[in-house]
Amino acid sequence: DRPLAEVDPEIAEVLERELGRQRGTLEMIASENFAPRAVLEAQGSVLTNKYAEGYPGRRYYGGCEFVDVAEELARERAKALFGAEHVNVQPHAGAQANAAVMHALIRPGDTIMGLELAHGGHLTHGMKINFSGRLFDVATYGVDERTHLVDMDRVRETALERRPKLIIAGWSAYARHLDFAAFRAVADEVGALLMVDMAHFAGLVAAGLHPSPVPYADVVTSTVHKTLAGPRSGVILCRAEHAKKIDSAVFPGQQGGPLMHAVAAKAVAFKIAASAEFRERQERTLRGAKAVAAALTTDAARAAGVNVITGGTDVHLVLADLRESALDGQQAEDRLHEAGITVNRNAVPFDPRPPMVTSGLRIGTPALATRGFDDAEFAEVGDVIAAALQPECDVAGLRARVADLAERFPLYPGLEEW
Ligand code: PLP
């Protein structure tokens with residue numbers, strides 16, 4: 001019962017400094033968010049001690065009567081939130097959720113088809129050295145060179161040619177909606193299963209602000225920590241017919257004991273995601289992304305060689321295209337870091353620069369919306385980012401504007417006293 005600061009001052013200092021960083025800077029990594037206090041409490045709880053291999057009512061360990069309640073709540077809440085027939089809340093992370101689906105529904109050597117990594121896909125959608133690329137034959141589809149949109153005619157052509165067993169729709173960096181009905185039609189035409197990975201936009205779906213993939217997909221996977229603002233973890237939603245296979249692929253197929261503290265925190269996150277307050281936050285997230293896109297499509301931005309992929313956004317992120325800019329992705333990320341804004345550099349489709357440098361930035365608004373930002377603040381942030389991407393800029397002046405915003409929206413007030 002000795003406190004962390006006494007047992008391990010070095011790690012206590014890491015926590016303290018990281019809290020200071022999160023409070024003092026503006027977090028605009030599109031895949032990040034601030035989990036609410038209730039989620040942190042559940043995740044930092046005694047449930048971390050409990051082994052619960054199996055599923056509620058069918059465990060391989062004693063003493064599961066209380067964690068069973070947590071898992072049932074998480075499952076039922078997720079089912080209601082997304083209108084799913086079956087839910088598995090045990091995947092430790094998004095990657096594990098995707099691995100479990102492949103384990104459940106296809107066999108090594110089968111063909112899978114996903115969005116090209118360099119065009120916004122995820123590692124687990126078939127990247128060469130990821131398990132998905134090593135175990136399966138990978139066909140990819142990309143975005144159109146001119147519109148930067150997924151071209152469903154080309155998706156269909158590739159599917160007809162390669163005959164995938166599993167088609168994956170979903171992305172880590174794409175600023176528009178995918179056409180789930182069209183993906184379903186292609187999957188049906190070639191006899192493939194359809195998995196939608198909604199890791200990024202699940203919070204928008206929960207709020208009813210993004211088309212839901214659930215009616216169209218055989219299986220939907222997600223993380224819980226991005227727009228959903230829950231604990232770092234994954235979840236799988238599926239049709240009833242796949243429930244048994246999915247459950248046994250997660251446990252014992254892929255994982256041992258579930259992280260019951262994370263499962264309980266997922267239950268909390270799903271409860272919050274059903275609230276009016278959550279929906280209002282997702283609305284600000286979307287308006288914020290549009291404001292940032294607007295700031296990066298002015299004449300001044302264009303004159304500095306800054307463009308926005310697809311010219312705007314329908315989701316929580318903006319993809320800045322720096323192919324014509326004096327700054328490459330790395331330099332732009334560094335410039336914003338100096339100004340106190342955290343983003344990640346990101347390859348744009350058909351990027352001439354190497355993946356460690358890139359010609360783009362992925363800029364997301366979920367974390368700042370959670371912090372309370374509304375239209376005026378997002379306009380100010382957009383203006384700061386646009387100024388930082390000019391060839392010459394007053395970084396100290398921008399840093400001061402960022403510090404002012406950060407101060408006006410305190411993060412985790414009083415956390416030290418919790
Ligand atoms: N799927 C998509 C589309 C993602 O963007 C990510 C994370 O970035 C994942 C899956 C993997 O999630 P995790 O990092 O929790 O394994």
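**Legends to the close-up views**

**View 1. Strand β9 and its two neighbours.** β9 and strand β10 (residues 234–238) are paired antiparallel through five bridges. The model is a predicted one, in which local features require pLDDT of at least 70 and side-chain atom pairs are counted only at pLDDT 80 or more, while totals for chains, interfaces and linings take in all residues. Residue numbers start from 1 in each chain and follow its sequence as written. Strands here are DSSP runs of E with at least two residues, helices are runs of H or I with at least four residues, and both are numbered from the N terminus. Two strands are called paired if DSSP finds at least two bridges between them. Valine 219 has cysteine 238 of β10 as its bridge partner. β9 also runs parallel to strand β8 (residues 193–197), to which three bridges join it. In that pair, methionine 195 is the bridge partner of valine 219 in β9, and valine 196 stands opposite valine 220.

View 2. How many residues of strand β9 are buried? Five of the five residues in β9 (residues 219–223) are buried, and the strand is mostly covered. A residue counts as buried with 20 or more other C-beta atoms within 10 Å of its own, as exposed with 12 or fewer, and as partly exposed in between, the C-beta atoms being placed from the backbone. In a regular strand the side chains alternate between the two faces of the sheet. One side of β9 carries Val219, Thr221 and Thr223, the other Val220 and Ser222, and all of these are buried.

**View 3. The seven-stranded sheet.** This open sheet has mixed pairing and the strand order β4-β10-β9-β8-β7-β5-β6. The edges are formed by β4 (86–88) and β6 (137–141); each has a single partner strand, so one side of each lacks a neighbour in the sheet. On average, neighbouring strands of the sheet are turned by 20° against each other, direction ignored.

View 4. Strand β5 (residues 111–115) is largely enclosed by the rest of the structure, because four of its five residues are buried. β5 pairs with β6 in the parallel sense over five bridges, and isoleucine 112 has valine 138 of β6 as its bridge partner. The pairing of β5 with strand β7 (residues 166–170) is parallel as well, over two bridges. Here isoleucine 167 in β7 is the bridge partner of methionine 113.

View 5. Strands β12 (residues 317–321) and β15 (residues 360–364) are joined antiparallel by five bridges, with alanine 320 opposite leucine 361 in β15.

**View 6. The shell around the ligand.** Among the 15 residues around the ligand, Ala93, Gly94, Ala95, Ser172 and Ala199 come nearest. A residue is near a molecule if its C-beta atom, placed from the backbone, lies within 6 Å of it. Helix α5 (residues 94–105) supplies three residues, the largest share of the shell. The shell holds four nonpolar residues, ten polar residues and one charged residue. In this division Ala, Val, Leu, Ile, Met, Phe, Trp, Tyr, Cys and Pro are nonpolar, Asp, Glu, Lys and Arg are charged, and the others, including Gly, are polar.

**View 7. Leucine 40.** Leucine 40 is part of helix α3 (residues 37–43). Is leucine 40 buried or partly exposed? Leucine 40 is partly exposed, because 17 other C-beta atoms lie within 10 Å. Its C-alpha atom is separated by 9.7 Å from that of histidine 261, which is 221 residues away along the chain.

How values were computed. Axes are lines fitted to C-alpha atoms, for helices over the stretch in contact, and angles run from 0 to 180 degrees between N-to-C directions.
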